[in-house]
Amino acid sequence: MIKISSLVAGGLALGLTLGAQAATLDDVKKRGVLSCGVSTGLAGFSQKDEKGNWSGLDVDVCRAVAAAVLGDASKVQYKPLTAKERFTALQSGEIDVLSRNTTWTHTRDTSLGLNFAGTVYYDGTGFMVSKKLGVKSAKELDGANACIQAGTSTELAISDYFRENNIKYKPVTFDTSDQTRSGFESGRCDFLTSDQSQLYALRIGLKNPAGAIVLPEVISKEPLGPVVRQGDDQWFNIVKWSLNAMIEGEEQGVTSANAADKAKNGKPGNKRLLGTEGELGKNLGLNADWALQVIKQVGNYSESFERNVGSGSQLKISRGLNALWKDGGILYSPAMR
Amino acid sequence: MFKQKTTEQIKAATRKTDSGSHAFYNNPKYRAVIYQTLLIAGLAYFFYTIISNTLGNLEAAGIKSGFGFLDNAAGYDVLMSLISFDSTDTYLRVFVVGFLNTILVSIMGIILATILGFIFGVMYFSRNWLIKKVSVVYVETFRNIPLLLQILFWYSAVLATLPGVRDSLSLGEAIFLNVRGLFIPQLVGQAGSTLVYIAIAVAIVAIFVMRSWAKKRQDATGEQFPVFYASLGLFFGLPLLATLITGIPFTVDYPVLQGFGFRGGITVIPELMALTIALSVYTGAFIAEAVRAGIQAVPHGQTEAARSIGLREGKIMSLIIVPQAMRVIVPLLNSEYQSLVKNSTLAAAIAYPDLFNVFVGTALNQTGQAIETIFMAIIVYFALNMFISFVMNRFNNNVELVGR
Ligand SMILES: N[C@@H](CCC(=O)N[C@@H](CS)C(=O)NCC(=O)O)C(=O)O
């Protein structure tokens, strides 16, 4: 539940173990499995079903990296982490990559010894309130109690917002999203605040989802993406381009169904992406078919999005900002050549 | 004869060695100093290497280090604080806020656990079957369920099911209980209230003076003085008198329902209630065991002797048995209190903003400075436990002395 001792031990072990970090790629290959940090359970992003299988948009990033590196998207060991535990787990080498709806912030990027390898989902802090309250805007929440998850950027965003608007609130900060949700359900708080995508995810977990509404306000920028340790540029590149391969796949119209065919008979761009031409894989230190494996086994971005959080899921989130740049969103992969 | 001689010889030989012209490092006195210096130097080197290694590694990994972050604005808010706090205050202040919250829950826990422990511990010796069984069931139940579960039980299964803000349970429209906590009126002192505070202080001192006077008198003359009732009278009488003389210099700030919840008065958040209840009920079970052990350690003859001089059962307990049992109980209490303080870190499970939660949890996470924050927390818990040990050892000396 709460891993205080592991947190402490991790923190202390940190200083002593940091020095000895070999290339992550070699470690992962030797181990034959990717160790990926995910959430403790958040619908659409990283969630375990009754059979113990993980799924979600964040999970798909783990799977994409495993497919690119090991040729098998299922070779992932998932480490569920609370918001508080995640960075220490990555810094101390317990996980190879952190893919747990983590906001890319300046402080995290520059002072934690970490690197953000891109954005999987452009999000922002939002509010969920009980319908009964009749609240239409976050500005009406003066004097309310907020259920928040501890150790998140949400804690900072909400504090700024209330301060700017000269209104007051009381934060009730929990360790896990389950606790946060129960706090909201029991009436301990008037509203729950988190990244908006997660509000939709938490809402479907409520006993009465229709009794809660997500307010229209979005009060901060929360670009969520995978994170790696600083100082291993090759690994950084691999994670970054595994994600880009999914986005580029969508842009080129390469899907899990047609990837194998496009690799043989596609346009030059398809062939470059899928490794039948050029040396993109080699430059990353991977097999030539790295991206083919990613798209074949995991799907392109659109497939993953719709399956996990979009029309094919319970969340029914529309693409919005997360549409390709061509389609009015801001999703954009650097050139795949 | 023969034996005596040998001893003499040995003594002489020893004397010779002592004054002998041996090298100074064979002198035990110097040798101790040398070894200790070497040990300290070795330890210093050990820590120096660890620290410089750690710093070097942190820098190589691009992780910020040092205590500079303590001066930075925290940027987040805390649910409950005994001193004023908002998000523009520093991380250092977060540390103090968390520290005070830890102290608060520890003190309340220690007091309540001690009361529960003594009540249930003594109940075990009751001749009433039911009372005895209640004590046994209490100890066996709460000692054997993991504390974390108990905390979650009180929080999620009991307090979280209380009615909502608008349907609060209320007592005379002054005290309210709901899922957000307990709301009680607050006395606000106006001009003249200082006299009342002074009266309280005077009453407390007077009680102590009276007690020692009564004891001396009883020792000398055998006459008893109703110390308990006199103390009660002093404690409530004096301040009441002062209040009346100064024309009741207090106003009452009642909690009122406004907007999203209650404003005014004192709010006891459910997180604090759940943690305090769980810690004291759990630790109380261990203390009850300690009390039971202590009482059992007093020979039965003491009870019989007391009965034979005609003391009532209640007096036998309080005058004869418990004071002697304290010699066994106090050292056990020491370790129970220390555990309670350490166990209070489970607060994070239910969002109570103790030191571990707001500092080692949130501050660590927002700054990423794991080593510094954990180090500071370790120092605090270490110091708190040393303090408890110190106080309990003094107390222990007292009970030991009184007994002989
Ligand atoms: N994006 C924010 C917040 C991420 C976050 O932890 N959100 C909560 C929403 S309640 C969550 O995902 N919890 C899932 C878990 O703890 O396993 C951050 O990076 O700090």
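**Conventions.** I worked on a predicted model in which local features need pLDDT of at least 70 and side-chain atom pairs count only at pLDDT 80 or more, while totals for chains, interfaces and linings use all residues. Residues are numbered from 1 along each chain as its sequence is written, and chains are lettered from A and ligands numbered from 1 in the order in which they are written.

**Ligand shell.** I looked up the surroundings of the ligand and found 21 residues, the closest being A:S39, A:T40, A:T103, A:T152 and A:S177; a residue counts as near if its C-beta atom, placed from the backbone, lies within 6 Å. In chain A, helix 6 (153-164), helix 7 (177-186), strand 11 (191-195) and strand 13 (222-224) each give two or more residues to the shell. Helices (H or I, at least four residues) and strands (E, at least two) are DSSP runs, numbered from the N terminus. Ala, Val, Leu, Ile, Met, Phe, Trp, Tyr, Cys and Pro count as nonpolar, Asp, Glu, Lys and Arg as charged, and the others, Gly among them, as polar.

**Domains of chain A.** I noted domain 1 (4-122 + 224-327) and domain 2 (125-220), with bounds from an automatic or database domain assignment. Each of the two gives at least three residues to the ligand shell. Their C-alpha centres lie 28 Å apart. The contact between them takes 19 residues from domain 1 and 16 residues from domain 2, two residues being in contact if their C-beta atoms, placed from the backbone, lie within 7 Å.

**Chain contact.** I recorded 35 residues from chain B and 42 residues from chain A. The side of chain B has 18 nonpolar, 14 polar and three charged residues.

**B:L147.** I located B:L147 in helix 5 of chain B. B:L147 is partly exposed because 18 other C-beta atoms lie within 10 Å (buried means 20 or more, exposed 12 or fewer, partly exposed in between). B:A278 is 131 residues away from B:L147 in sequence, yet 7.1 Å away in space, C-alpha to C-alpha.

**Cores.** I found 169 residues in the largest nonpolar core, a set of buried Ala, Val, Leu, Ile, Met, Phe, Trp, Tyr and Cys residues joined through C-beta atoms within 7 Å. Helix 8 (residues 270-296) of chain B gives the most to this core, with 15 residues. Domain 1 and domain 2 of chain A both contribute, so this core lies between them.
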